[in-house]
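Me: I am new to this structure and would like to learn how to read it feature by feature. Could you take my questions in turn, giving the general idea and then the case at hand?

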Amino acid sequence: MNARKIERIERALSAWEGQETDCALCPRECHADRSRGPTGYCRTGTKAVIASALLHFGEEPVLSGLHDCADSESSNVSRRGSGTIFFCGCNLRCLFCQNYQISWLGRGRPVEDEELADMMLDLERRGALNINLVSPTQAILPILRALRLALARRLSLPLVYNTNGYERADVIERLAGIVDIYLPDCKYALSEPAARLSGAADYFDHAGPALQEMFVQQPDLILDAGGFASAGTIFRHLVLPGQVPNSLAVCDWLAETFRPTVPLSLMSQYQPCWRAPEDLRRPLLPDEYGAVLDRARRLGFDPLFVQSALFAEDEHLNPDFERKSPFHWKRRND
Ligand code: SF4
């Protein structure tokens, strides 16, 4: 199994030879020379820059092991957590980003490929259920090089590709047989909020085909004997204040495009932060989340992961990457 993955990684790396000096690995297609240091729209060089590597207990229960799935029959509880690695830089500029310290400000540490491989193996030793790569897009080359090393040293965990969704479909195509679980955001179906809030008017033009490619590769959510995901695609959507029409359009598109039983994680954890514009400088209202949740239930997403009790007062959902432990896990881990 690992030998086949290593082969696919070799093929992807050789197909992307030259991208470090002329990068077009995401829809921005900057053609930046990343060998000269952090550059391009994502402000990333050739090394992965890591903000944190930890056991995460706040992801969907099939990934973290902690039960918080209102509409699922699964009741498995585990404290193993998702082996999450946070990468700095981003190809979006979300004004409300809760991870702005790392996505905008790049507060992290550049690491060699060997050290990144060690981090993956260390998370496995600590009992992680998977290796969860958060914002992997701009770091895909060092990730693949590190993964090749870790697989050669018998890394055996499922690989989670946890992305903002703003991807090139042909780049995702090359990850077939390497990524086990896709965890993409579907942030916007409408171009006005995509342009104004994330600097990507063409978000949906790229995310649409990219998400379809992910689903082609991993159409079925497969749970292992313990009830934890070993393969599949789980779509995510964060409901934003005042943006219910966008959220409804996202739900409708997901239901129309994929089969009605596709997994959806509907997030309510929005907190005003960073450079959120005036209309987003307030918490999400329960009624707003409720309206989107009603639509999602009617459309029949299954499983439907819900953050029903997690509204504005849960400040722990906003990480602080200045701290050694960026998350509090106040509710889900108690
Ligand atoms: S990965 Fe970064 S440098 Fe490459 S095209 Fe995207 S934004 Fe530009």
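Me: Is glutamate 115 buried, partly exposed or exposed, and which residue does glutamate 115 form a salt bridge with?

Reply: The general idea is that side chains of opposite charge can pair when their charged atoms come close. In this predicted model, glutamate 115 has a relative accessibility of 30% and therefore counts as partly exposed, and its salt-bridge partner is arginine 109, with the closest N and O atoms 2.6 Å apart. Arginine 109 is partly exposed as well, at a relative accessible area of 42%.

Me: How many salt bridges does the structure hold?

Reply: The structure holds 17 salt bridges. One of them joins the side chains of arginine 236 and glutamate 59, with 2.6 Å from N to O. Arginine 236 belongs to strand S9 (residues 235–238), while glutamate 59 sits in the loop between S1 and helix H2 (61–64), so this pair ties together parts that are 177 residues apart in sequence. Arginine 236 is buried, its relative accessible area being 8%, and glutamate 59 likewise counts as buried at 8% relative accessibility.

Me: How far apart in helix H7 are arginine 196 and glutamate 192?

Reply: These two residues are four places apart in helix H7 (residues 191–198), which means that about one helical turn separates them. Arginine 196 forms a salt bridge with glutamate 192, and the closest N and O atoms are 2.9 Å apart. Arginine 196 counts as partly exposed at 33% relative accessibility, and glutamate 192 is partly exposed with a relative accessible area of 45%.

Me: Which residues are linked in a network of salt bridges?

Reply: The residues of that network are Glu20, Asp113 and Arg145. Aspartate 113 lies in helix H4 (residues 113–125), and with a relative accessibility of 17% it counts as buried. Its side chain and that of arginine 145 are joined by a polar contact of 2.7 Å. If neighbours within four places in sequence are left aside, the contacts of aspartate 113 are Pro142, Arg145, Ala146 and Leu149. By way of contrast in scale, aspartate 113 and methionine 214 are 101 residues apart in sequence and 25 Å apart in space, taken from C-alpha to C-alpha.

Me: How should I read a sheet, and in what order do the strands S9, S10 and S11 stand?

Reply: In general, strands of a sheet pair through backbone hydrogen bonds, either parallel or antiparallel. Here three strands form an open sheet in the order S9-S10-S11, with parallel pairing. S9 and strand S11 (304–306) stand at the edges with a single partner strand each, so one side of each is left without a neighbour in the sheet. Neighbouring strands of this sheet are turned against each other by 15° on average, direction ignored. Four bridges join S9 to strand S10 (residues 264–267), and the bridge partner of arginine 236 in S10 is serine 265. Helix H10 (residues 286–299) lies across S10 and S11 and runs at about 170° to S10.

Me: Which residues does a cis peptide bond join, and which residues other than glycine have a positive phi?

Reply: The cis peptide bond joins aspartate 302 and proline 303, with omega about 0°, and proline 303 lies in the loop between H10 and S11. Among residues other than glycine, glutamate 29 has a positive phi near 45°; glutamate 29 lies in the loop between H1 and S1 and counts as partly exposed at 38% relative accessibility. Arginine 154 also has a positive phi, near 70°; arginine 154 lies in the loop between helix H5 (140–152) and strand S5 (159–163) and counts as exposed at 70% relative accessibility.

Methods:
Residues numbered from 1 in each chain as written. Predicted model: local features only at pLDDT ≥ 70, side-chain atom pairs only at ≥ 80, totals over all residues. Heavy atoms only, no water. Salt bridge = Lys/Arg side-chain N within 4 Å of Asp/Glu carboxyl O. Buried < 20%, exposed > 50% of the residue type's maximum accessible area, 1.4 Å probe, protein only. Pairing = 2+ DSSP bridges. Axes fitted to C-alpha atoms, helices over the stretch in contact; angles between N-to-C directions. Contact = heavy atoms within 4.5 Å. Polar contact = N/O pair within 3.5 Å; in protein donor to acceptor, adjacent residues only side chain to side chain.
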